Amino acid sequence: MKFIDEFRDPALARRLVGQIRQMTASRAAPVRLMEFCGGHTHAAYRFGLRELLDGAVELISGPGCPVCVTAAADLDRAIALAEWPDVILATFGDMVRVPGSRVQTLQAARARGADVRVVYSPLDALTLARQHPARPVVMLGVGFETTAPGIAAALVQAETERITNFSALSLHKLTPPAMRAILGAGDVPLDGIIGPGHVSAVIGSDAWGFLPREYGIACAVAGFEPLDLLGAIAGLVRATVEGVPVVDNLYMRGVRSEGNPTALALLNRVFEVGTAKWRGLGALPDSGLRLRAEWAHRNAARLFPVTREPAREPPGCRCGDIVRGRSAPMDCPLFRRVCTPENPIGPCMVSNEGACAAVFQYAVDF
Amino acid sequence: MCLAIPTQIIAIEATSPFPQATVVLEGVERRISLALTPEAQVGDYVLVHTGYAISRVDAVEAQETLAMLAEMTAYQ
């Protein structure tokens, strides 16, 4: 496929691996890089990059899995909302099996009679609203800057078409504040950051300029094919060895330095920045997107107030430490013993982008 | 969740409030929204995420990246 196969060229991949090994040969310890994005975590396992770079580069999974960082309290709210009379809750697929507090899931709520629909796109949720004009249709807005513009566009479209029964529960989160929280805590030593490709398509590679400026750490924005990742890793290794941290964009075919201005304008029209709760990182100021006051009539958080008991994380689950790079899946006492993709205890095992699901699926050395 | 696939636009329809496009995703024709990339043209490749084209794929930049990677490894 065009724009995919060329970035899987094995000969060039081998040369990049050779160059990375050459640059790190004189180092006592591997270069430590965090791949922010769960898509990168899976790509690195899937293409065997961890083994190829073993001893030279250590990849540490970051918080870039929207399902994984959704707080149990917010899941409880979504589940309570699904159980509101007549409500149709539309959600992306990997949210339905994520446990909130007390081992509740949207799937279990559906089994009890709640109307939970899995959609591929917010546009599908809009179609549901057209088909069921007498029932409230709520789109569960989970995702980073990549996903939130689509939700914003669907809300604008509902307004234009006067679809009055369509609203959204925004649990959207912003990626730079999470990166700041991890670096600010200082408990995970890192030499560089592999920047999220599709988030950066929206916010722009310039959005990561604070990493070298404020934290003295290099960042390379990468796509999701082997050459994309190896190119980014080679650039980060060179920045580490030479001690010159910069922001590099290895995904120029999809990411501009300024991002996507149309998407950013749409985000700004519908959402404003506010505090958001992250699993593992807690409540971070200015790290979430909530609907602006002008959109109160489409804000499910206002339309369907729910009272909840205090949230509880699944006992024993280390997902909170895993999303911030403090623990690896193998460090969790539940991993593979009781927590599996068939019977997930925590979100890092549920989501396709979760670090636990990646290690379970691809790694053989646990 | 931030998965996005490069796919080619084969038709565009000027709908309101946002234009829509027809693309072929894994052999199946699909309608997507061009709300985020209204400048996209028929024949362009776009990155599609949850039914929205989030970015145009720049063929020149793709070639330049491949050339740069080849150059990076030329001094071994």
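**Stop 1: a covered strand**

Select strand β7 of chain A, residues 192-195. Both of its faces are covered. A:Gly192 and A:Ile194 are buried on one side. A:Ile193 and A:Gly195 are buried on the other. In general, side chains in a regular strand alternate between the two faces of the sheet. Keep in mind that this is a predicted model.

Strand β1 of chain A, residues 31-37, runs parallel to β7(A) and is joined to it by three bridges. Look for A:Leu33, which stands opposite A:Gly192. Strand β8 of chain A, residues 218-221, is also parallel to β7(A), with four bridges between them. Here the bridge partner of A:Gly192 is A:Ala218.

**Stop 2: a buried serine**

Select A:Ser205, in the loop between α10 and α11 (210-215) of chain A. Is A:Ser205 buried or exposed? A:Ser205 has 24 C-beta neighbours inside 10 Å, so it counts as buried. Its contacts beyond four places in sequence include A:Gly195, A:Val221 and A:Asn249. For a sense of distance, pick A:Leu89 as well: the two C-alpha atoms are separated by 34 Å, and the residues are 116 apart along the chain.

**Stop 3: the nonpolar core**

Which residues touch the most other members of the largest nonpolar core? They are A:Leu33, A:Val138, A:Ile233, A:Cys356 and B:Ala53, in a core of 148 residues. Helix α12(A) gives the largest share, nine residues. Nonpolar side chains tend to be buried together in soluble globular proteins.

Zoom in on A:Ile233. Leaving aside neighbours within four places in sequence, A:Ile233 is in contact with A:Ile20, A:Leu33, A:Leu53 and A:Val57.

Next, follow A:Cys356 to its helix. A:Cys356 is one of the buried residues of α17(A). This helix, residues 355-362 of chain A, is mostly covered, with six of its eight residues buried. Among the elements covering its buried residues are α2 (38-46), β2, α15 (319-323) and α16 (347-350) of chain A.

**Stop 4**

Select α1 of chain A, residues 10-24. Colour its buried residues: A:Leu12, A:Ala13, A:Leu16, A:Val17, A:Gln19 and A:Ile20. They cover an arc of only 160° around the axis, so they sit on the same side of α1(A). Turn to the face away from that buried side to find the exposed residues A:Pro10, A:Ala11 and A:Gly18.

What covers the buried residues of α1(A)? The cover includes α3 (49-52), β2 (57-64) and α12 of chain A, together with α1 (59-72) of chain B.

**Stop 5: where the chains meet**

Show both chains. The contact takes 47 residues from chain A and 33 residues from chain B. On the chain A side, the elements supplying at least two residues each include α1, α8 (148-160) and α12 (226-242). The residues of that side divide into 25 nonpolar, 16 polar and six charged.

**Stop 6**

In chain B, find the loop between β1 (5-13) and β2 (20-25), which holds B:Pro17. A cis peptide bond joins B:Ser16 and B:Pro17, with omega about 0°.

Back in chain A, select A:Asp86, in the loop between α5 (72-82) and β3 (88-91). Its phi is near 75°, a positive value in a residue other than glycine. With 11 C-beta neighbours inside 10 Å, A:Asp86 counts as exposed.

Finish at A:Asp286, in strand β11, residues 282-291 of chain A. A:Asp286 has a positive phi of about 55°. A:Asp286 is exposed, with 12 other C-beta atoms within 10 Å.

Note on methods. Residues numbered from 1 in each chain as written. Chains lettered and ligands numbered in written order. Predicted model: local features only at pLDDT ≥ 70, side-chain atom pairs only at ≥ 80, totals over all residues. Contact = placed C-beta atoms within 7 Å. Nonpolar A, V, L, I, M, F, W, Y, C, P; charged D, E, K, R; others polar. Buried ≥ 20, exposed ≤ 12 C-beta atoms within 10 Å, placed from the backbone. Arc of directions from axis to C-beta. Pairing = 2+ DSSP bridges. Core = buried A, V, L, I, M, F, W, Y, C linked by C-beta atoms within 7 Å.
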